[in-house]
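Hi everyone, thanks for coming.

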Amino acid sequence: MDRSWRRAAVVALPFVLAWAAVLAAFAVLRDRLPDPLAIHVGPGGQADGFTGLGAFLPVVTTLLLVFGLLAAAGAHGLWRARLSAWRMLVATGYGMATMLAYVFIALLGANAGAARAADVTFPLWHLAVSLAVAVAAGWAGWLLAGRGPAPADEADAAAGPRLPLAEGEAAVWTHSVGSPVLAVVGAGCTLLGVVLTVAMEVTAEAVLIAAGLISVALCRCRVIADRRGLSVAPWFAPRPRLRIPLERIEKATSREAHALGLGGWGYRIQPGRRSLVLRSGDALFLRLVTGKEFVVTVDDAATAAALLNTLIERGRPAPGT
């Protein structure tokens, strides 16, 4: 197992332990639990949401599995990120897993011995305790993260190299790039939405399913650089397409980038920059004539930058004309 996957396993571990703790509590209290279970309380701590006893563990398993996979995917993508980003991911994972485990076990304890789920009360001080244990576990995760991954060199390269093209010669560069994080998020949201639809009466499942399907649809894109400029299209169809005309590009460069350093995965909008972030690694940076910047993470970005710089230079009028 390489270093990045070992780190992903470290981040996923607390979610596995949280699942095991909830499973053990359920097994101990199984004979004292009502059916259905109270799984949500109102402002006064009185139960107002319920689910079948047989649906509780599948829902808990799915929820912890989704968050664990998201944390693992993030760790795999951050294995060369800055120490602060790595530590923050580990701390967040440990804190979230601990908080979820505490809330689920406390809910089981509140249900134990109740004749009816409607009679269950859940003291709201449990929420304060869950936050306290989450902070403690997150701090422990921060300390256990150690030195973390080695920081990447983010020095901005000067002008990218040119691609030698003969007069009148045309060239096209294209490459597909996928996002494990968006794929996991999409699959997890869709699965969680389906489980909630089957197991509970909730209103958020349609939003979860829609968000999941959109993430899956956008988890892989094709990037094309040619005489028209740069274009990006999803894997399943040529449209919709994001296009930046060649005349809008001042210079193209390439360098290593990290997803969190660009604002996270997906289409990100920041002051002076827009980015299509599918994963950490090689990225194409376009400086536009407006002074703004567009970034897309894609392999072999140096070749794409060289071709675009050649085409930009070819399209400029010669000095004195």
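Predicted model: local features only at pLDDT ≥ 70, side-chain atom pairs only at ≥ 80, totals over all residues.

Okay, the overall picture. The protein has 321 residues, and 44% of them count as buried. Its secondary structure is made up of seven helices and eleven strands.

Now, the rings. How many aromatic pairs does the structure hold? Two. When we describe a pair of aromatic rings, we give the distance of the centres and the angle of the planes.

Let's take Phe26 and Phe56. Their ring centres are 6.0 Å apart and the planes sit at 15°, so this pair is stacked; the cut-off for that is under 30 degrees. Phe26 belongs to helix H1, residues 3-29, and Phe56 to helix H2, residues 53-77, so you're looking at a link between distant parts of the chain, 30 residues apart.

Are these two buried or exposed? Phe26 is buried, at 9% relative accessible area, and Phe56 is buried too, at 4%.

Phe56 also pairs with Phe104: here the centres are 6.2 Å apart and the planes are at 90°, so we call it edge-to-face. Phe104 is in helix H3, residues 83-111, and lies 48 residues from Phe56. Phe104 is buried, as is Phe56.

Put together, Phe26, Phe56 and Phe104 make one aromatic cluster.

One more ring before I stop: Arg255 lies over the face of Phe285, 3.6 Å from the ring centre.

Note on methods: Residues numbered from 1 in each chain as written. Heavy atoms only, no water. Helix = DSSP H or I, 4+ residues; strand = E, 2+ residues; numbered from the N terminus. Buried < 20%, exposed > 50% of the residue type's maximum accessible area, 1.4 Å probe, protein only. Phe/Tyr/Trp six-rings, centres within 6.5 Å; stacked < 30°, edge-to-face > 60°. Lys NZ or Arg CZ within 6 Å of the ring centre and 35° of its normal.
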